[in-house]
Amino acid sequence: MIRRDDLTGLVLAGGRGSRMGGRDKGLELFLGRPLAAHAGDVLRDHVSELLITANRHHEDYASLADRVVADIEAGYQGPLMGLYSGLRAARTPWLVVVPCDTPALPPSLVDRLVAGIGEADIAVAHDGHRAHPVVALVRVALADDLAHCLVEGVRKVETWQARHERVWVDVSDCPEAFANLNTDAERQRLARELGREAASP
């Protein structure tokens, strides 16, 4: 059984924010709080340490996690590099990862991933229609293999995960929880769906 002491949480917030005009997406406000704070809330009570990967504004992220980790290689190389950086930074056998732009993830997410992983190396949330590779529980010992893949030019999380024993975890009861907020319009729409207005800067 995977216990809290075995788990490190990781919020991926190292992107360019291209579809938000280059703004740092994890720090964009949603219902009055940074998006990364909402993502961290899903993990915090279930992990021994909470990390955020960020490539700028580290001082602003510092209050939202126990540690802020920069990508090991610069240049905004995508979520797979963020995942690798989190795996290298983790001090536990397991890493549970979520993106910073999914503020409606269910509070039961970590428990579901832990319950569903069995003997596999990776558990990925599946909403009944598609899998979400960056909402996952990952064995930290896979870091060396991921390093080799990055050297070979692999940049898609799904491509790397497919190399390993992986299971889907059914979260089809709340598919709306996996909405990604890539634009201001999407952020405002989700806030309306939750019955409130987004707090915009």
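Okay, let's start with a rule: a salt bridge here is a side-chain nitrogen of Lys or Arg within 4 Å of a carboxyl oxygen of Asp or Glu. With that in hand, Glu49, Arg67 and Arg91 are linked in a network of salt bridges, and the total by this rule comes to 12 salt bridges.

Quick housekeeping. What you're looking at is a predicted model, where local features need pLDDT of at least 70 and side-chain atom pairs count only at pLDDT 80 or more, while totals for chains, interfaces and linings use all residues. Residues are numbered from 1 along each chain as its sequence is written, and side-chain values use heavy atoms, with hydrogens and water left out.

When I say helix (H or I, at least four residues) or strand (E, at least two), I mean a DSSP run, numbered from the N terminus. Buried is under 20% relative accessible area, exposed is over 50%, and partly exposed is in between, using a 1.4 Å probe and protein chains only.

Back to that network, then. Arginine 67 bridges to glutamate 49 with the closest N and O atoms 2.8 Å apart. That pair links distant parts of the chain: arginine 67 is in strand β5 (residues 67-69) and glutamate 49 in strand β4 (residues 49-53), 18 residues apart. Is each end buried or partly exposed? Glutamate 49 counts as buried because its relative accessibility is 12%, whereas arginine 67, at 22%, is partly exposed.

Next, aspartate 101. The UniProt record, an unreviewed entry, puts the feature "binding site" at Asp101. UniProt positions are given in the numbering used here, feature names are shortened, and annotations may be inferred rather than shown by experiment. Aspartate 101 sits in the loop between β6 (94-99) and α4 (109-116), and it counts as buried because its relative accessibility is 7%.

So which residue does the side chain of aspartate 101 contact? That's lysine 25, through a side-chain to side-chain polar contact at 3.0 Å. A polar contact is a pair of N or O atoms within 3.5 Å; within protein, one must be able to donate a hydrogen and the other to accept it, and residues adjacent in sequence count only if both atoms are side-chain atoms. The two also form a salt bridge, with the closest N and O atoms 3.0 Å apart. Lysine 25 lies in the loop between β1 (7-12) and β2 (29-30) and aspartate 101 in the loop between β6 and α4, so the pair ties together parts that are 76 residues apart in sequence. Both lysine 25 and aspartate 101 are buried.

One more bridge: arginine 112 with aspartate 173, closest N and O atoms 2.7 Å apart. Arginine 112 is partly exposed at 24%, while aspartate 173 is exposed at 54%.

On to strand β7, residues 122-126. Five of its five residues are buried, so it is largely enclosed by the rest of the structure. In a regular strand the side chains alternate between the two faces of the sheet. In β7, Ile122, Val124 and His126 point one way and Ala123 and Ala125 the other way.

What does β7 pair with? Strands pair if DSSP finds at least two bridges between them. Five bridges join β7 to β8 (residues 131-139), antiparallel, and five join β7 to β9, parallel. Alanine 123 has leucine 137 of β8 as its bridge partner, and alanine 125 stands opposite valine 169 in β9. The β7 and β8 hairpin has four residues between the strands, and glycine 128 there takes a positive phi near 100°.

Speaking of phi: most residues other than glycine have a negative phi. Two that go positive are leucine 31, near 55°, in the loop between β2 and β3 (33-34), and histidine 57, also near 55°, in the loop between β4 and α2 (58-61). Histidine 57 is partly exposed, at 34% relative accessibility.

That's the tour; happy to take questions.
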